[in-house]
Amino acid sequence: MSSKVCEAIREEVKCFSPYTAGKSIDEVKEAYGLNSIIKLASNENPLGTSPRVQDVIKLYASSTFRYAQVGTPNLVDAIAHYFHIPDDTIVSGNGSDEVIDMLIRVKATPGKNNIVAFKPCFSMYQVLSRLNGVEFRQAALNDDFTFDWDGLLKLVDDQTSIVFITTPDNPSGYAPKVEEILALHAKLPKSCLLVVDEAYMDFAEDLDRYSMLPRFTQYDNVCVLRTFSKCFGLAGLRLGFGAMNPQLAEYLRRIRAPFNVNILAEQAGIAVLQDTPFIEETLRVTREGRAYLTKELEALDFNVYPSLANFIMVEAPKDGSYLTEELLKRGLIIRPLVKGYNLPKHLRITIGTDHENQVLISALKEILNAE
Ligand SMILES: Cc1ncc(COP(=O)(O)O)c(C=O)c1O
């Protein structure tokens, strides 16, 4: 039955495809009748939730009837201190997804401006541009998933309000050097904001070579995004931030929903930044696991793309969907890249604990040898 109220919804929404997340642990348990699952699909922290965060959540459990302090100033202070950036440049959000949405709503006028990114790229740039009624343009990556800067620049005109780049990139793990990003920046119109999404930068080894976070204050029109969902293990609480010119930050604060960062996310964010052993162990496990998986997967004839992130992208020696399905039957979830990315032969694998990585490799050996 067609409903009059739904006939009259916005055109952008009628033809909308939602964000496609990977399969959840419960879905796989139910579909395959399994009790235990290893999930290496969503780039979450392999160690789980920091013990300090667990303590602070218990401590604040009785305070959730209160609103958080608007703008979460204590969290902003903690972020400023940890990342060595000024307080007034920081805008916290309900995940960096929310900061992406705020940037688009502040910078891009529907029907007038456009937004430019690579293809494939993190799907929320497109989802949120389209939802906000803003034209979204994409330049193909090079065949080896490095960045075709000239191709990107060809799409930029004086109506381009935002250019998004992701480094290390999702889904490839590729990160360009800072000089390349600065060369792109030099060619952009001054009115255009360059958003450098560094969701996975914590896992890179040589930050000075790759990260724009220590440098963005030198440029009016550069914004760096960071998330607490990956290295800091707070995906389920939703916390991220943008670092940008203070005037732009002020505009975002004007339009953001009050209390967008909840009280538990705020306290957890402060606590995890103080949990040095947890962060150091996360980085050790991820970096060692990345090297281990790369070596083992190459030995199994996978084409492994070099990655600075907490995941690796591979091209499988056999059909990617077949491998994904066989792994699911054995309780292992990885991320096929057909939906959303249109890469049928490629798979994205989150680095797990040493044990999880070994189970994955044994399962792949079994599947490939059985053929
Ligand atoms: C490149 C990139 N940016 C942003 C995000 C969103 O992070 P958050 O959980 O903070 O919204 C993700 C999440 O997977 C991501 O891959």
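## Two pairs of helices

Helices α14 and α15 are oblique to each other, because angles under 35 degrees count as roughly parallel, over 145 as roughly antiparallel, 65 to 115 as roughly perpendicular and the rest as oblique. Helix α14 spans residues 320-329 and helix α15 residues 354-369, and they pack at an angle of about 120 degrees with their axes 10 Å apart (axes are lines fitted to C-alpha atoms, for helices over the stretch in contact, and angles run from 0 to 180 degrees between N-to-C directions).

Now look at α6 and α7, where the angle is about 40 degrees and the axes are 10 Å apart. This pair is therefore oblique as well, and the crossing of α6 and α7 is right-handed. Helices (H or I, at least four residues) and strands (E, at least two) are DSSP runs, numbered from the N terminus.

## Reading the model

This is a predicted model, in which local features need pLDDT of at least 70, side-chain atom pairs count only at pLDDT 80 or more, and totals for chains, interfaces and linings use all residues. Residues are numbered from 1 along each chain as its sequence is written, and side-chain values use heavy atoms, without hydrogens and water.

## The largest pocket

The largest pocket has a volume of about 580 Å³. Its lining has 29 residues, and Y19, S42, D97, F122 and K230 are the closest to its centre. On a 1 Å grid over the protein atoms alone, a pocket is an open set of points with protein on both sides within 12 Å along at least five of seven lines, a cavity is a set where a 1.4 Å probe fits but cannot get out, and lining residues have an atom within 4 Å of a point. Points are joined across faces, edges and corners, and a volume is the space filled by probe spheres set on them.

Helix α6 (residues 96-107) gives the most to this lining, with three residues. In the lining of the largest pocket you can find nine nonpolar, 11 polar and nine charged residues (Ala, Val, Leu, Ile, Met, Phe, Trp, Tyr, Cys and Pro are nonpolar, Asp, Glu, Lys and Arg charged, the others, Gly among them, polar).

## The second largest pocket

About 430 Å³ of space lies in the second largest pocket. Of its 18 lining residues, the closest to the centre are S123, Q126, Q138, G340 and Y341. Helix α7 (residues 123-131) supplies the largest share of this lining, four residues. Nine nonpolar, seven polar and two charged residues make up the lining of the second largest pocket.

The model has one cavity of 30 Å³ or more, and about 40 Å³ of space lies in the largest cavity. The residues lining the largest cavity include A117, F118, F164, I165 and D169. Strands β3 (114-119) and β5 each give two or more residues to that lining, and β5 has the largest share, three residues. The cavity lining divides into eight nonpolar, one polar and one charged residue.

## Backbone details

Which residues does a cis peptide bond with omega of about -10 degrees join? They are T167 and P168, and P168 lies in the loop between β5 (160-166) and α9 (178-187). The peptide bond from N170 to P171 is also cis, with omega near 20 degrees. P171 is in the loop between β5 and α9.

Finally, visit T72, in the loop between α4 (51-60) and α5 (73-83). T72 is not a glycine, although its phi is positive, at about 40 degrees.

Notes:
A crossing is left-handed if the near helix is turned anticlockwise from the far one by less than a right angle, and right-handed if clockwise.
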